[in-house]
Structures are given as C-alpha cells and as structure tokens.
Amino acid sequence: MVLTTASTCWYPQGPAFGWGLGGSRGAASAAACSPSDPAQLRSARDDIRELLKTTFCHPILVRLGWHDAGTYNKSIEEWPRQGGANGSVRFDKELKHAANAGLVNALKLLQPVKDKFSGVTYADLFQLASATAVEEAGGPKIPMKYGRVDASGPEQCPEEGRLPAAGTPSPASHLRDIFYRMGLNDKDIVALSGAHTLGRASPERSGWGKPETKYTVYAEKYAVDQDAFFKDYAESHAKLSNQGAKFDPPEGISIEHH
Ligand code: HEM
C-alpha cells in the first residue's frame, strides 16, 4: 500500500519499531510515508527538547543522525541505494553494523515521539533530533530543512563499511576517503569532528542542555574563535543532514517562524 496524497504515514497494526527486541519488526519496514508535516515537525521538536531535558541523551541523538546520513555515496545516483539521510538505520539489518553498536538506545528514546507524530518521517526525525540536540547543548543554530522521504525496507540499507573506522593505520587518508565519498571536504571533517565534544563531555552530563555549555575543538582556528567554529559547524552539519536525502517538496520544508 502506498499513500501519495495524505500528509501522514500509514502503518499496519503493531509496534512501530522492531530493533531485535523480540517483537514484530514488520511495521517499520512496511510503513509507506508521505513527506513530513510541518506542524507535526514543530511539535516533535518540542517533545525532543523535553526528552533532552530529562534524559541528557544529546550525544547519542547526534550520533544517530550522523550514522543515518554518513552512509552517503555521492557517486551512486540512484536513491536510496546511494545511502544517506533516508531513515534506513532504523532497520535491524543496518543497526547491526558494527559502527552502529549502541544506537538501538537512540531509537528506543525516539520511539514515543515517532508514535505520537506519525506525520514525521524517520529520516526527518533522526535529523531533527540531532540538530535539536546540538542546539540544546549550547551549540549553534543549524539551518535545517525537512521533508526527507524514507527508505521503505531493509533491502534498501547500504552495505556495511561506509562509515569511518576509528584507529585506522592512516587516519587522515581514511577520513578523506570516507568524507570525500560523501561529498564533504576537509573543513567539514574538522568542523563535524567537533561534535565529539558532546561525547567526551559525558562524565559531566549534568552540564548538558545548559546555554553556557561550551564546545572546544583542537583545530587552531576553532580553538581561538568559537564563532567561527559554530558558523562552520552549523553549515557542515546541515550539509551532512542533507546527504542522500530525497526532499518532498524538492526545496524542503522550513520549520522556523519567519
Ligand atoms: C571523523 C570520523 C569519525 C569517527 C572515526 C568516529 C568514531 C566514533 C566512535 C568510535 C565513537 C564512540 C562510540 C561509542 O563507544 O559509543 C564516537 C562517538 C560519537 N560520535 Fe563519532 N566518529 C566520527 C565522526 C563523527 C561525526 C561527523 C559526528 C557528528 C557530526 C560524530 C558524533 C559522535 C558523537 C556525538 C559521539 C558520542 C556518542 C555517545 O556518547 O553516545 N562523530 N564516534
């Protein structure tokens, strides 16, 4: 069944997510979605803000958005085979990739939001959660757009191995290989790596979500100039979140009030 005219998703009865938790995993794969609904996107963002306040789960939400988007291969034209921000990381097949270890917890955290707002695609939900987490942690405002269409089944998941590995023998060339494949550049690599400040801050979780939370990065320019880092980070993050995304409408949906 495919709905093309309604602004909501259709799901068969049953749990919306499988994630190897013992329940039926059919619903996520069978969902046929039309693009996200702007009002529901805003409400979902409110709920994500609440979730962040109560659970301090900023890093894992950022990581989830990155791992959905970061499988993008710019030399494959066909969507969704090209990978990227299409929500495919929700399927067990991709979630089981070694690089995604632990991300099931991010999906579990977002399940209630998805259940409440069926008019938000998975692909949008993951990017919305990531951008909101960065902003709520005191990071920059990210110029996001929404309207991402979802990959519809596990057969559309990318093969394992598209995300960068830690601790390779030549890290710089490995990172360049991976990020250039995504259509990103050296500046994007450095700026986006600044997201790891969130993970490293985890022992002091009580500090997250407060406006005074600071990002620190090693790159010299960013170390002395937080405005420059925030500006570059916001641009690179938005760029990453659009990798491999098929927008409907093509120009995307803004949820900011003008
Ligand atoms: C540059 C290549 C990258 C490598 C090799 C890498 C590798 C890793 C590894 C090994 C972890 C630890 C995971 C764990 O034990 O839970 C991690 C955590 C994390 N990564 Fe990356 N990463 C990369 C890029 C990025 C990017 C581009 C972003 C986002 C823009 C990002 C966001 C995060 C966050 C927020 C965490 C913390 C997750 C948590 O604490 O739950 N990473 N990364």
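**Exercise 1. Is helix 3 largely enclosed by the rest of the structure or largely open, and why?**

Before starting, note that this is a predicted model, in which local features need pLDDT of at least 70 and side-chain atom pairs count only at pLDDT 80 or more, while totals for chains, interfaces and linings use all residues. Residues are numbered from 1 along each chain as its sequence is written.

Step 1. A residue is buried if 20 or more other C-beta atoms lie within 10 Å of its own, exposed if 12 or fewer, and partly exposed in between, with C-beta atoms placed from the backbone.

Step 2. Go through helix 3, where the buried residues include His58, Arg63, Trp66 and Asp68.

Step 3. Conclude: 12 of the 12 residues of helix 3 are buried, so this helix is largely enclosed by the rest of the structure.

**Exercise 2. Describe the make-up of the protein chain.**

Step 1. Count the elements: the protein chain has 11 helices and zero strands.

Step 2. Two residues are in contact if their C-beta atoms, placed from the backbone, lie within 7 Å; among contacts between residues at least 6 apart in sequence, 75% join residues at least 24 apart.

**Exercise 3. Check the length of helix 11 and find what covers this helix.**

Step 1. The expected span of a helix is 1.5 Å times one less than its number of residues. The 17 residues of helix 11 (residues 226–242) should therefore span 24 Å, and the end C-alpha atoms are 24 Å apart, which agrees.

Step 2. Among the buried residues of helix 11 are Phe229, Phe230, Tyr233 and Leu240, and what covers the buried residues of this helix includes helix 3, helix 6, helix 8 and helix 10 (220–224).

**Exercise 4. Work out how helix 8 packs against helix 11.**

Step 1. Axes are lines fitted to C-alpha atoms, for helices over the stretch in contact, and angles run from 0 to 180 degrees between N-to-C directions. Helix 8 (residues 186–193) and helix 11 pack at an angle of about 105°, with their axes 8 Å apart.

Step 2. Angles under 35 degrees count as roughly parallel, over 145 as roughly antiparallel, 65 to 115 as roughly perpendicular and the rest as oblique, which makes helix 8 roughly perpendicular to helix 11.

Step 3. The contact is made by Lys187, Asp188, Ala191 and Leu192 of helix 8, together with residues of helix 11 that include Phe229, Asp232 and Tyr233.

**Exercise 5. Locate the centre of the largest nonpolar core.**

Step 1. A nonpolar core is a set of buried Ala, Val, Leu, Ile, Met, Phe, Trp, Tyr and Cys residues joined through C-beta atoms within 7 Å. Of the 53 residues in the largest one, Ala44, Leu61, Leu64, Leu125, Leu128 and Ala129 touch the most other members.

Step 2. The largest share of this core, nine residues, comes from helix 6.

Step 3. Leucine 128 touches Leu41, Ala44, Arg45, Ile48 and Tyr146, not counting residues up to four places away in sequence.

**Exercise 6. Find the cis peptide bonds and a positive phi.**

Step 1. A cis peptide bond joins tryptophan 79 and proline 80, with omega about 0°, and proline 80 lies in the loop between helix 3 and helix 4 (92–95).

Step 2. A cis peptide bond also joins aspartate 248 and proline 249, with omega about 5°.

Step 3. Phenylalanine 56 has a positive phi of about 50° although it is not a glycine.

Terms used: Helices (H or I, at least four residues) and strands (E, at least two) are DSSP runs, numbered from the N terminus.
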